[in-house]
Amino acid sequence: RALELDLAAGLERGEFQLYLQPRVEPATAAITSYEALVRWNHPKKGMVSPGDFIPVAEASGQIIRLGEWVLAEACRLLDSVPGCSISVNVSPLQFRHADFLPNLHDVLVRTGANPARLELEITESVLIENDQRAVSILDEIKHMGFGIALDDFGTGYSSLSYLSRYPFDTIKIDRSFVSNLATTDNAPVIVRSIIELGAGLGMKIVAEGVETIEEALFLAQAGCDELQGYLLGRPKPLTELQRGVDNAI
Ligand code: G
Ligand code: G
Ligand code: MN
Ligand code: NA
């Protein structure tokens, strides 16, 4: 059966689950927040990666319902992570959909969640040059009280011009820069520049895909606000979250 047909049934049957991956402050080793990463425990295929089913959900339009479920579930999980926020990925199609803003409003009303503890992750690819509609959607999200993160920063085009135009709270440095830190001469220069730029603009800088102690030390020394990656903690279901991080720095 096509994955597309199974998606709706999977939502009905509760086959989706949110895994949480910590974001850690290097200075204190404190977990400040978690990124919600959806997983599908398919009855026949086992664990299906979002890399495989998100594109299918987008193509079939079911990303809207899936996105609603992810957001509601993240709101529900907030009670289990006191003092922390949760960030949620928003797909480009979801971002553009007419139901997106009404759904955000509804989920706050339904769950009573505090939007200040939720951050929406938007990728550069949803933003187009001179895009007044994107500006107004982001302004409205901000106005509702959500945090906004620019995800996978550095992988799109014209990155710098976006930063002054959109109300981002957080910049997430794409993991390709982090994994290149040790092997290319350019990566440390670029990473330092992004950190300085973000700090100057009053935005929080998070490095993604931190896998080694050397990367963590470089990023901490360069002034990166938070680290995320397998070194600090893999994405895990709530039931398996330990107190503290997988590895101290
Ligand atoms: O967790 P993993 O590395 O397998 O995720 C693969 C991709 O799926 C990443 O690009 C991630 O942003 C995306 N993804 C994970 N969870 C969600 C979600 O809830 N909504 C959307 N739109 N994308 C997600
Ligand atoms: O596109 P986005 O940045 O939302 O994707 C997050 C993806 O990165 C998730 O699928 C998550 O499983 C994955 N991820 C998280 N930490 C690491 C890491 O340290 N190394 C690698 N290779 N992937 C990671
Ligand atoms: Mn993300
Ligand atoms: Na990312």
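Mentor: Start at ligand 1. Helix H2 gives the most to the shell around ligand 1, with 3 residues. A residue belongs to such a shell if its C-beta atom, placed from the backbone, lies within 6 Å of the molecule. Helices (H or I, at least four residues) and strands (E, at least two) are DSSP runs, numbered from the N terminus.

Some ground rules. This is a predicted model; local features need pLDDT of at least 70, side-chain atom pairs count only at pLDDT 80 or more, and totals for chains, interfaces and linings use all residues. Residues are numbered from 1 along each chain as its sequence is written, while chains are lettered from A and ligands numbered from 1 in the order in which they are written.

Now the shell itself. Ligand 1 is surrounded by Leu37, Val38, Ser49, Pro50, Gly51, Ile54, Val70, Asn89, Ser91 and Pro235. H2 spans 50–60, and both H2 and E2 supply at least two residues each. By class there are 6 nonpolar and 4 polar residues, with no charged ones. Ala, Val, Leu, Ile, Met, Phe, Trp, Tyr, Cys and Pro count as nonpolar; Asp, Glu, Lys and Arg count as charged; the others, Gly among them, count as polar.

Asn89 leads on to ligand 2. Asn89 comes nearest to ligand 2 together with Gly209, Glu211, Gly229 and Tyr230, out of 13 residues around that ligand. The classes there are 4 nonpolar, 4 polar and 5 charged.

Pro235, from the shell of ligand 1, leads elsewhere. Pro235 is one of the residues in contact with Leu20, along with Tyr34, Ala36, Lys236, Leu238 and Leu241, once neighbours within four places in sequence are left aside. Contact means C-beta atoms, placed from the backbone, within 7 Å. Leu20 sits in strand E1. Leu20 counts as buried because it has 25 C-beta neighbours inside 10 Å. The cut-offs: 20 or more other C-beta atoms within 10 Å means buried, 12 or fewer means exposed, and in between means partly exposed. From Leu20 to Leu163, 143 residues along the chain, the C-alpha atoms are 27 Å apart.

Ala29 has 14 other C-beta atoms within 10 Å, so it is partly exposed. Its phi is near 60°, a positive value in a residue other than glycine. Asp152 also has a positive phi, about 55°, and is not a glycine. Asp152 lies in strand E6 (residues 147–153).

Ala36 touches Leu20, and Ala36 also touches Ala74. Ala74, Val88 and Ile173 touch the most other members of the largest nonpolar core, which has 59 residues. The largest share of this core, 6 residues, comes from helix H3 (residues 63–77). Such a core is a set of buried Ala, Val, Leu, Ile, Met, Phe, Trp, Tyr and Cys residues joined through C-beta atoms within 7 Å.

Helix H10 (residues 213–222) has Glu215, Ala216, Phe218 and Leu219 buried. They cover an arc of only 165° around the axis, which puts them on the same side of H10; the arc is that of the directions from the helix axis to the C-beta atoms. An α-helix has 3.6 residues a turn, so residues three or four places apart point the same way. The buried residues of H10 pack against helix H8 (175–179), helix H9 (186–200), strand E8 (204–207) and strand E9 (226–227). The face turned away carries the exposed Ile213, Glu214, Leu217 and Gln221. Just after H10, Gly223 takes a positive phi of about 95°.

Step back. The protein chain has 10 helices and 10 strands. Buried residues make up 36% of its 249 residues. Its C-alpha atoms fill a box of roughly 50 × 40 × 35 Å along the principal axes.

Technical notes. Contact = placed C-beta atoms within 7 Å.
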